[in-house]
Amino acid sequence: MRFYLTTPIYYVNALPHIGHAYTTAIADMLVRHHRQRGDDTFFLTGVDEHATKVYRVAREQGLEPQEYADRIAVPWRELPERLNASTDYFIRTSDEGHKAFVRDFLQRMHDNGDIYQDVYAGLYCVGCEAFKADDELTEDGLCRDHLTKPEWIEETNYFFRLSAYQDKLLALYDERPDFVLPGFRFNEARAFIAGGLQDFSISRAGQPWGIPLPWDESQVTYVWADALVNYLSALSYAREGEDLRAEFWPVAHHLLAKDILRFHCVYWPAMLLSAGYEPPKQLFVHGYLLLDDKKISKSSGNVIEPLELIDVYGADAVRYWCARAVSFGQDGSASIDGIRERYDSELANDLGNLLSRTTAMIARYRDGTLLAVDAADAPVDFDALRENVAARMDAFDVTGALDAIWDAVRRLNQYVTAEAPWQLAKDDANADRLDAVLYTLADGLTALGVVLQAFLPEASPKILAALGQAEEPSWARVRNGVAEGVDGIAASEPLFPRIELPSAAA
Ligand code: MSP
């Protein structure tokens, strides 16, 4: 099995914020999970450079756009690295390989008779990097997302005959009811298509920053006609000397938020059909993460620096919070203090203390030796958990998968309280029972260490190492009776040490 996952490529007109970290962190959980299950995976993220807003910021800073992009690409590259995202390639739309591929792609659409020249006269929102119809504006004529006044543009552009693809897109949606998830997003995209499609401009005349069109170098590609192609172009040059398209394009999955649904679920499949490619396999459209009920963005003034959060809490905690703060797929409101609360109560207490207590008791009562005994009364059925987590991850239900895992963590905690090994240890007559309880705990933690690899890639190998177990995260190890009997277990260091800051905002 193969699995190819992409995040949107982010605009580099500003530094990354927690909303970008959100999609990337959750994408990594999905990819790592598939890899654990033995899938051959490819994970792509990166940045979108040829936007008008990027051009303007560069100019404001007195820099050539390429120089500006080269500088700001550094912190953007750091984002997936610091999040421990296991990306296979970080694409920049100024990569030579990408630029050449886009020209070829657009030429194919042109050769197919789908591109024509016309005069565009209308309103353009630089925030959205999109042309706006009147019914997409507020009563005062502002962009609904950015609450800014769109600019009037009048120029001769090249247009893509999107209207010619209405029937093909409807047929695609009807044949593949899981083409877009969740279902309500599928319905939204399909209704948009059924409502009639307008051709859209794929080039810009007055802007020097972008990829020149192959048949008319006086125009550059409109940023979306350049950016969307990244999902395919990367496969052609990410690994030197290899073309991964045949392997990975048929299993392409795109992750994105609802702000860019139309570009991904409508424009992109039509562009692919026009250029002679298959549409992607599946798109998952998630909601907005709202902080104090506001979409996190630079304009709303509540930017949370993700790299700073990682400095304070570590990548695992930030990832964990992303998956738990709101139900993935839905819009949801979160508070940044939630990171601290979850860090203390769930990571440090529920999980960290369970490991500390278990290792400390094995060290103390059994001199560090874990006996592999039959633990028939284990409080968690890990076969069921394995199936449940896999099914939820297949449905992109990352929050549900973690809920199920945390339910297992809590059951193990209840089991310690109920079995009270410290009482058992007082009487040698209970020696067998004590061995069984300690094994059940160590075994449960081992299976948890494996299943958590996708979510908490730093803590997971620490859990396994503390218990003297192999760090190999293969999926078949999520089962009861996985832990081996070993010697030398010592009381472990805290998995999530106490953090001294009063609050994340401080
Ligand atoms: N450059 C385009 C995408 C081109 S993809 C071919 C773009 N860039 S963006 O920087 O604006 O990133 C938008 C994406 O960032 C969203 O679709 C989502 O993945 C992520 N998010 C940004 N803010 C977010 C939230 N507040 N909540 C959830 N996701 C967020 O659009």
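Predicted model: local features only at pLDDT ≥ 70, side-chain atom pairs only at ≥ 80, totals over all residues.
**Stop 1**

Colour residues 2–313 as domain 1 and residues 336–501 as domain 2, which is how the domain assignment divides the protein chain. The C-alpha centres of these two domains are 41 Å apart. Now look at where they touch: domain 1 brings 21 residues to the contact, and domain 2 brings 23 residues. Between them, domain 1 and domain 2 bury about 2,000 Å². Carbon and sulfur atoms account for 70% of that area.

Next, select Met 29, Gln 36 and Tyr 313 and show their side chains. Of the area that domain 1 buries against domain 2, these three residues supply 36%, more than any other three residues.

**Stop 2: the ligand**

How many residues surround the ligand? There are 25.

Colour the shell by residue type: 14 of its residues are nonpolar, eight are polar and three are charged. Then switch to a cartoon view and find β1 (2–11), α1 (18–36), α7 (223–227) and α8 (230–237). Each of these elements supplies at least two residues of the shell around the ligand.

Zoom in on the individual contacts. At Ile 9, a polar backbone atom is 2.8 Å from a nitrogen atom of the ligand. At Gly 19, a polar backbone atom is 3.4 Å from a nitrogen atom of the ligand. Thr 23 uses its side chain instead: one of its polar atoms lies 2.7 Å from an oxygen atom of the ligand. Taken alone, the ligand exposes 680 Å², and the protein buries 95% of that.

**Stop 3: two loops**

Move to the loop between β7 (180–181) and α6 (183–194), where you will find Pro 182. Is the peptide bond that joins Leu 181 and Pro 182 cis or trans? The bond is cis, with omega at about -10°.

Finish at Leu 147, in the loop between β5 (130–132) and β6 (151–160). Check its backbone angles: Leu 147 is not a glycine, yet its phi is positive, at about 50°.

Methods. Residues numbered from 1 in each chain as written. Heavy atoms only, no water. Near = heavy atom within 4 Å. Polar contact = N/O pair within 3.5 Å; in protein donor to acceptor, adjacent residues only side chain to side chain. Areas by Shrake-Rupley, 256 points an atom, 1.4 Å probe, with all protein chains shown as cover. Helix = DSSP H or I, 4+ residues; strand = E, 2+ residues; numbered from the N terminus. Nonpolar A, V, L, I, M, F, W, Y, C, P; charged D, E, K, R; others polar. Domains from an automatic or database assignment. Contact = heavy atoms within 4.5 Å. Buried area = accessible area lost by both parts, 1.4 Å probe.
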